[in-house]
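Good morning, everyone, and thank you for making time for this. Please bring up the sequence and the structure on your screens, and we will go through them together.

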Amino acid sequence: MCGIIGYVGRKSAGGILLDGLQRMEYRGYDSAGIAVLDQGTIWPLKRVGKVATLTRAYSENFRHSGTIGIGHTRWATHGGVSEQNAHPHLSNGHRFAIVHNGIVENYEKIKQFLQEHGYVFFSETDTEVLINLIDYHYKKNPAQSFIEAVRKSLRHVEGTYGIAVLSTVYPKELIVARKSSPLLIGIGERENIVASDAAAVARYTKRVIYLNDGEIASVTADNFSISTLDAGAPKAVLHELDWEIRDSELEGYPHYMLKEIFEQPTVLENAMRGRFSEDDCSTKFGGLPITLQDLRSADRILFCACGSAYHACLEGKFWIEKFARIPVDVEYASEFRYRNAPMGQHTIVFVVSQSGETIDTLAALNEAQRRGYRVLAITNTVGSTIARAAEAGIYQHAGVEMGVASTKAFTSQLTVLSMLALLIARTRDMDAIAGQQYVRALRSLPETVKEVLDLSVEMQALAQKYHHYKRFLFLGRQAMYPIALEGALKLKEVAYVDAQAYPTAEMKHGPIALVSEETVCLFIATQRTFWEKTASNIQEVRARGAKVIVIVSDDQIFDERPYDEVVRIPAAHVGIKPILSVIPLQFFAYYTGILLGCDVDRPRNLAKSVTVE
Ligand code: M6R
């Protein structure tokens, strides 16, 4: 939930830390801070609010050009949003400073122990306890190495952490460690950068090493050494980042969300590149170790995910059940991890996570593996914890998604899932001609998405007309129900309005009680099959005074006069139609959020990846 960074090299650390924080701000943004070691003293600078506020304070007041330092963007867990609670935290006596992502669960006990040994605390955070514990262990044996003092302290910690620690006693060295919270070391030329997020280091180096759980590292300008908490010597694996620095820049767009909506044609192209079979009737995924026989004999597929990724999985269920005729369960990862879900002998488990760091999804993965199941991952983040914990998987190749509200990552998940459905279907019931038509539809997706992007202006006008309404109901049947859920989630996230989603016909069984003149009903009705039934449902809400926006396909011909608004998308194969249908809803949420004065890229209370329970 928080972003952490550390720099050690030959350049002034402050600017590099701030640049990294700004690129990671989507991880958490209620306060931010840096600490730089200069002339033997640790100089902290913290501010409540966005990184921009911190950067302003840095330009106005900060005069310390030390070449080693740490930084943090915070999403509050322990203690309210205040400068005192913002990171970095310093130990009593200011020998050590720390930035921390995660939660020290036994901090009360440690705090009491430290208080008995004379330590005093100035914040409400668990992190301040941790840094004083490090100081305590250092003081017990000042001759020991920096890494040893941190290692001893971490052995007493229950909970999760990604940390970077700075010290006046060891002025050329940073110590970093992780447990259930991402951390990587970016290897530069005579400089090294540690961070929780590749976005923070991509500008300086593409060569990174991801720490594993239970690992701790000492990092200097010219070197690094990784060990485990019990002093083992793990093998470090060097990865090459495939992220471009321009991914984390606005490139002329006013917001990342809008930029990422418009990136979708390229993103979907990238998700599909090299993944069609030679005969053009199916798909293939290089990273998937399961054989066609495994797919054919699967008795069940289980998807675990959270948020938008969960909605993508619901769509995957629709496609796989329709085309491949295998029963599919979709579970909220946070629920699956604590329940004993019945599973078949040949169940294949997929976890889906854009960030690859969502703690609930990771826990679901661990639980399924513990029960002996093969777990595959669909993720956008190469080298992420989930990517490394899964047996194998499929990368989305969507590039960094900076907007907290998922758009391009969601449609790339849909694309991968649709391709997966086709692959499984072709091992079972689907004939070559149907496979060929499916592939043709997928290949046409980037161009068709470009046409849908032309709806931007129309959706902006609709947002202008309806943004002041109090309640929004998103309604869709079958393949359009997950899209209704996603449309409602987007509007909630970026415009903070009451938006709910139901299967269209279910609306009569309760939700219709909400419908009044203050309600806007968005019908995602792009399937010809259900049009007559949906038209009746529309009459029911109109009769109760609701405004109606209906999204349909070009091939649905009807008298448009009774509807307030009709939005048309191109007619398309059902394997891609849901992907097209969500784009107008992304625009609607974006423009409504803007008109209501919301920070669409960094909505209140949210963080890009949820790494605490
Ligand atoms: O990184 P993940 O895909 O695991 O994230 C899951 C959800 O937290 C995420 O989709 C969340 O719902 C987004 N804010 C959606 O816009």
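What volume does the second largest cavity have? Before I answer, please keep in mind that this is a predicted model, and that every value I quote is computed from it. The second largest cavity has a volume of about 80 Å³, and it belongs to a set of five cavities of 30 Å³ or more that the structure holds.

Let me step back to the chain as a whole, which is divided into domain 1, covering 3-247, domain 2, covering 251-453, and domain 3, covering 454-600. Between the centres of domain 1 and domain 3, taken over C-alpha atoms, there is a separation of 45 Å.

Now to the ligand, whose space is the largest pocket. Which residues are closest to the ligand? Of the 13 residues that surround it, the closest are Ser 353, Gln 354, Ser 355, Thr 358 and Glu 493. Ser 353 also places a polar side-chain atom 2.6 Å from an oxygen atom of the ligand, while for Lys 490 a polar side-chain atom lies 3.1 Å from a ligand oxygen. With Ser 308 it is a polar backbone atom that lies 3.0 Å from an oxygen atom of the ligand. On its own the ligand has 410 Å² of accessible area, and the protein covers 90% of that.

Technical notes. Residues numbered from 1 in each chain as written. Predicted model: local features only at pLDDT ≥ 70, side-chain atom pairs only at ≥ 80, totals over all residues. Heavy atoms only, no water. Domains from an automatic or database assignment. 1 Å grid on protein atoms, 1.4 Å probe; cavity = no way out; pocket = protein on both sides within 12 Å on 5 of 7 lines; lining within 4 Å. Points joined across faces, edges and corners; volume = space filled by probe spheres on them. Near = heavy atom within 4 Å. Polar contact = N/O pair within 3.5 Å; in protein donor to acceptor, adjacent residues only side chain to side chain. Areas by Shrake-Rupley, 256 points an atom, 1.4 Å probe, with all protein chains shown as cover. Sits in = over half its atoms within 2 Å of the grid points.
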